[in-house]
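Please open the model in a viewer and keep the selection tool at hand.

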Amino acid sequence: MSQNLDVVVFGSCIVDFISYVPRLPRVGETLHGTKFVTGFGGKGANQCVAAARLGSRTAIIGKLGNDPWGSNYRKALESEGVNVDHVKIVKGESTGIAQINVADNGDNQIVIVVGANNSLLPADVGVSADLLTRAKILVCQLETPLAGTLEALRTFSGTSIMNAAPAVENVPHDLLRLCSIFCVNETEAALITGVPVATVIQAKGALLKLRDMGCNTVVITLGDKGAIFASKDNAKVVHVKPCKVDKVVDTTGAGDAFIGALAHFMARNPEAELTQCIAAANKVASLSVQKPGTQTSFPRLSETGLGQDLSSNPCEWEYI
């Protein structure tokens, strides 16, 4: 008998080429970097690994190229305990790559070439029906073709989290409407809504506009300001306070750590308030920025200081 799943991800697998630099280069400028590493990334796979590290039973539906990077990535996902039955190697395609610069203050620049990820299409939803019927939470992003993502959201009957990243200006109405939770960061929220998001109060304005555009529950992550959220049926906007960070080392993948953690805590605590799940996800993201790398920075549950019972975890919040 097939095992039930906590989290299934429909999304991207991308190999990271990371250069560490004193600061981010200006246009046309060449800088000497201090270190170069490769790692496994892509928003979809990152979010899946983040959930798996915390103890979720996970699976990913994705595409890799028929090159050494692809076969190595599939093995790496397996080693994290992720179900890779529906991670397919595409002949004639390269594995997706990301070129990442990370500055000493933790800021980053990222350019992606998605390669085989462009082959993740609506037909892949049908052949993955067994995974989708066994999972509690579906997670999607925008690093793979929109048609496949929309089909996954239409097909899935449980709770879905749509991480609209990388952001697009003209978001299709169905993308907003079909997901249970629409989650973006401050930059993405500003691009989609046209509302500046430099402060928590401005973020509230963007959130309310997203809700007016057709979203159900909206979550906007605000980095060192925490996160805000509101549901369609509640006029009040909640600000979940940030966790203390001793030193920011590398912010790459912090948003993915948050999404994967949110999916994990929602799957494992179906009766918990969203406030508690977001506070726990904030904690996971805050730990990830204190270590270098992307997936390598994601903590296991035992490293978070969080208990399985979310009601016993610290959670500071207020209405705004």
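Begin by selecting D256 together with K43, N46, Q47, A50, N163 and F298, the residues that D256 touches when those up to four places away in sequence are not counted; a contact here means heavy atoms within 4.5 Å. The model is predicted, so local features need pLDDT of at least 70 and side-chain atom pairs count only at pLDDT 80 or more, while totals for chains, interfaces and linings use all residues. Residues are numbered from 1 along each chain as its sequence is written, and side-chain values use heavy atoms, with hydrogens and water left out.

Next, display the side chains of D256 and Q47, which make a polar contact at 3.0 Å (a pair of N or O atoms within 3.5 Å; within protein, one must be able to donate a hydrogen and the other to accept it, and residues adjacent in sequence count only if both atoms are side-chain atoms). D256 lies in helix α9, residues 254–268 (helices, H or I, have at least four residues and strands, E, at least two; both are DSSP runs numbered from the N terminus). D256 is buried, with a relative accessible area of 5% (buried is under 20%, exposed over 50%, partly exposed in between, with a 1.4 Å probe and protein chains only).

Move to D16 in strand β2, residues 14–21. D16 is also buried, at a relative accessible area of 4%, and its contacts beyond four places in sequence include V37, T38, F40, A98 and T294.

Now select I14, V15, D16, G42, K43, G44, A45, N46, E143 and D256, which the unreviewed UniProt entry annotates as "binding site"; such annotations may be inferred rather than shown by experiment. Of these, I14, D16, G42, K43, N46, E143 and D256 are included in the lining of the largest pocket (a pocket is an open set of points on a 1 Å grid over the protein atoms alone, where a 1.4 Å probe fits, with protein on both sides within 12 Å along at least five of seven lines; lining residues have an atom within 4 Å of a point).

That largest pocket has a volume of about 1300 Å³, the space filled by probe spheres set on the points. Centre the view on N185, T251, G253, A254 and G255, the closest to its centre of the 48 lining residues.

Finally, select P242, C243, K244, K283 and P314, which lie nearest the centre of the second largest pocket among its 17 lining residues. This pocket holds about 280 Å³ of space, and α10 gives the most to its lining, with five residues.
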